[in-house]
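Reader: Could you walk me through this model, starting with how its parts hold on to each other? I have the sequence and the coordinates open.

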Amino acid sequence: MRLVAVAAFAVAIAAGGAAGAQPAPPAPKKTVVVTAARLLDVSTGRYVENPAVVIVDGRITAIGSLAAMTLQPGYEHVDLPGQTLLPGLIDMHVHLDASPLYGGYTGLRFTDSFWAVVGVAHAARTLDAGFTTVRNVGADRYNDVALKQGIEEGFIKGPRIVPAGYAIGATGGHCDQTYFPPSVEAVSPAVADGPEEARRMVRQMHKYGAKAIKICATGGVFSNDGVGVQQMTVEEIKAITAEAHMQGLKVAAHAHGPEGIRAAIAGGVDTIEHVSLVDDQGIKDALKAGTWFSMDIYNTDYTQAEGRKNGVRESEIEKDRAIGEAQRQNFCKAVKAGVKQVYGTDAGVYPHGDNARQFAVMVRYCATPLQAIQAATVNAAAALGQVGDVGQVSVGRYGDLIAVKGDPLADVSELERVTFVMKGGEVVRK
């Protein structure tokens, strides 16, 4: 009874105080205005001359001419004379907790938590390179979820992360632990055999923070299996995509070989990663289903030049060499056929921060500069299901901006030399 009386007295005092108090004034909104020589409208390929982009509390509220705007006093003005503005770039295939410096067995000398620490540095380099959003398609120990949380809480610097947690694969497949003898008994925590196991694994990834799902439909380059061998059935893939889509998650399928690519499309995945050995039927299937291709056609340059000295095994170097040019030719075929493309680089196989080097390779193999830029902006945003947030400089989206000194439509390699990065209205690099 005494506790009830004390509680009632406290409520009465609080109510009386509230009645007599004046409401607190609303917190002032942070307003930033960014001006430059021009802005690339990535949806049309047209330039807007002398733009002013107004960002209030992290989101774009207006785009126009600074002279024609009426702004409250105290706004921050960021002027970039002579430079070209673009939306922050999006890389749809990264591994922030992986480093190309430790190939093969060389990474086994580090503790498990080492890789999360490495990811902190990689996240900062990625953002500095102008990539304000990334999809992390496969990480050990949910390191990508941890990085996302650390960035959002303000402890570390990095891009917006769409994490997938562990990549889901079949026993003995590309996403399983295939480096060790039976005595070691090392198994990936995300192995799933059969539709019901596969469905349960989606639920587990979602439970621990995944915002996308990654599966391994075929073998791979950096594992002990045939690069193009199909490893998941259509029934397993359908179970995964049905469960993921019910949870509001998109599905990415690692697939090199033609059979696995066709199975992934038939299974309803949203993006196909690598797509190295796609055949004509796979291209037709993708066009019919509206599936996005994410083709990492730059990284072979790095792995062939640097892989051996970083511990990559000779068998993997040979597989990489065997499919590298075929993948690039198939990228050209897919672009000419009109398959929808997103920008995915497999950063972690090569150094993070060099993500933009793929633009020039895309242009060398049939894409126009605008098509390459759209793959990393409006297309990627659509494939992520985030068209209201990222991928374009337009009202309502986050104030994610980059700038370059030249004309990226004339020389797409300008994107390798980003001079300014803003994320959510905050200057990251200038």
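Reader: Which residue forms a salt bridge with Asp 400?

Author: Happy to start there. This is a predicted model, where local features need pLDDT of at least 70, side-chain atom pairs count only at pLDDT 80 or more, and totals for chains, interfaces and linings use all residues. Residues are numbered from 1 along each chain as its sequence is written, and side-chain values use heavy atoms, leaving out hydrogens and water. A salt bridge here is a side-chain nitrogen of Lys or Arg within 4 Å of a carboxyl oxygen of Asp or Glu. For Asp 400 the closest N and O atoms are 2.9 Å apart, and the partner is Arg 160.

Reader: How much area do domain 1 and domain 2 bury between them?

Author: The domain assignment, automatic or from a database, gives domain 1 (31-87 + 395-429) and domain 2 (89-353). Their centres, taken over C-alpha atoms, are 32 Å apart. Buried area is the accessible area (1.4 Å probe) that two parts lose on being put together, summed over both. Of the area between these domains, 59% is on carbon and sulfur atoms, and the total is about 910 Å².

Reader: Is His 274 buried or exposed?

Author: His 274 lies in strand β11 (residues 271-274), strands being DSSP runs of E with at least two residues, numbered from the N terminus. Buried means under 20% relative accessible area, exposed over 50%, and partly exposed in between (1.4 Å probe, protein chains only). At 5% relative accessibility, His 274 counts as buried.

Reader: With which side chain does the side chain of His 274 make a polar contact?

Author: Beyond four places in sequence, His 274 touches residues including His 93, Asp 296 and Asp 346, where contact means heavy atoms within 4.5 Å. A polar contact is a pair of N or O atoms within 3.5 Å; within protein, one must be able to donate a hydrogen and the other to accept it, and residues adjacent in sequence count only if both atoms are side-chain atoms. For the side chain of His 274, the distance is 3.2 Å and the partner is the side chain of His 254.

Notes:
Helix = DSSP H or I, 4+ residues; strand = E, 2+ residues; numbered from the N terminus.
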